[in-house]
Amino acid sequence: VLLRKSKGTKDMFHYTLWWITRYVENSKVMGMDEVFVYLVENYYMKGDATWLTTDELNRYIDRAMKKAPNVIGNLAPEIKLPLFGDKHEDGSLQGVKAKYTLLVFYAPSCGHCREEMPAIDSLYRSVLKAKGVKIFSVTTEGDPTAIKDFVTRYKLTEWTTTWDPEHKGDWRAKYDVYSTPTIYLLDEKKIIRGKRLDHSNIAALVDMLDKKPK
């Protein structure tokens, strides 16, 4: 509504579109990435942001294209990667049979991951497992020794742990993984129900989804 009303006034439209875009792009509120994609597709890509240089416009478009496949409500893109420790079998995200799947991207060298992964596992064992949650993880970097030490040290033995030793997977682009940890919650049909989560809000989201009318 604000954008429609301001469109007749160049300076006001410029400021309004800039402010809303900046707000939703940097928001910590789940779901705002969908608004960002909408703005880029319906304003920036249609030539309304006339004040931007070509490089600036392309940055917005590139960011939106990275966010678009993984907005809340979309079917989670498939990930098929080697199971860590198994030379002959791949792990498939779509193949996980669970009421909910927690998709976790982490790196053994990541300091925040060393705090968050044990917290996630503790939450899983004490609360999430009984609610039908399974964990599918992707180690984003690290040699076999580092990954094995991490899994062993933090006792992540009940997770499906995959890795990408030959760096052939496109999971980073599909899930906009530019930092770790990055955590998504998927429902039984592998629809994305939450993203950019941490151990403090996963259980509450699962409870909320359980209470929603089917």
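Visitor: Which strands form the open sheet, and in what order?

Guide: This is a predicted model. Its open sheet has 5 strands, in the order β5-β4-β3-β6-β7, and the pairing is mixed.

Visitor: What makes β5 and β7 edge strands?

Guide: Count partners. β5 (160–163) and β7 (192–195) each have a single partner strand, so one side of each lacks a neighbour in the sheet. From one strand to the next, the twist averages 20 degrees.

Visitor: How do you know that β3 and β6 are paired?

Guide: A pair needs at least two bridges. β3 (residues 100–106) and β6 (residues 182–186) have 5 bridges, in the antiparallel sense. The pair therefore qualifies. Within it, F105 faces T182 of β6.

Visitor: And what joins β3 to β4?

Guide: Here there are 7 bridges, and the two strands run parallel. L102 has I135 as its bridge partner in β4.

Visitor: Why is β3 called largely enclosed?

Guide: Buried means under 20% relative accessible area. In β3, 7 of the 7 residues are buried, so the rest of the structure largely encloses this strand. Both faces are covered. One side carries Y100, L102, V104 and Y106; the other carries T101, L103 and F105.

Visitor: Which helix lies across β3?

Guide: Helix α6 (residues 144–153) does, and it also lies across β4 (133–139) and β5. Its direction is at about 165 degrees to β5.

Visitor: Why is α3 called oblique to α4?

Guide: The axes of α3 (residues 32–44) and α4 cross at roughly 135 degrees and come within 9 Å. That angle makes α3 oblique to α4. The crossing is left-handed. On the α3 side, D33, F36, V37, V40, E41 and Y44 take part; they meet α4 residues including L57, Y60, I61 and R63.

Visitor: Now a single residue. Where is N70 found?

Guide: N70 is in the loop between α4 (54–67) and β1 (80–82).

Visitor: Why is N70 called buried?

Guide: Its relative accessible area is 0%. The limit is under 20%, so N70 is buried.

Visitor: What makes the approach of N70 to K195 a polar contact?

Guide: The N or O atoms must lie within 3.5 Å. The side chains of N70 and K195 make their polar contact at 2.6 Å. The N70 side chain also reaches the backbone oxygen of K174, at 2.9 Å.

Visitor: Which residues does N70 contact beyond its neighbours within four places in sequence?

Guide: D33, K174, Y175, D176, Y184, I192 and K195.

Visitor: How many helices and strands are in the protein chain, and what share of its residues is buried?

Guide: The protein chain has 8 helices and 7 strands. Buried residues make up 43% of its 214 residues. Of the contacts with a separation of 6 or more, 69% join residues 24 or more positions apart.

Notes:
Residues are numbered from 1 along each chain as its sequence is written. This is a predicted model: local features need pLDDT of at least 70, side-chain atom pairs count only at pLDDT 80 or more; totals for chains, interfaces and linings use all residues. Side-chain values use heavy atoms; hydrogens and water are left out. Helices (H or I, at least four residues) and strands (E, at least two) are DSSP runs, numbered from the N terminus. Buried means under 20% relative accessible area, exposed over 50%, partly exposed in between (1.4 Å probe, protein chains only). A polar contact is a pair of N or O atoms within 3.5 Å; within protein, one must be able to donate a hydrogen and the other to accept it, and residues adjacent in sequence count only if both atoms are side-chain atoms. Contact means heavy atoms within 4.5 Å. Axes are lines fitted to C-alpha atoms, for helices over the stretch in contact, and angles run from 0 to 180 degrees between N-to-C directions. Angles under 35 degrees count as roughly parallel, over 145 as roughly antiparallel, 65 to 115 as roughly perpendicular and the rest as oblique. A crossing is left-handed if the near helix is turned anticlockwise from the far one by less than a right angle, and right-handed if clockwise.
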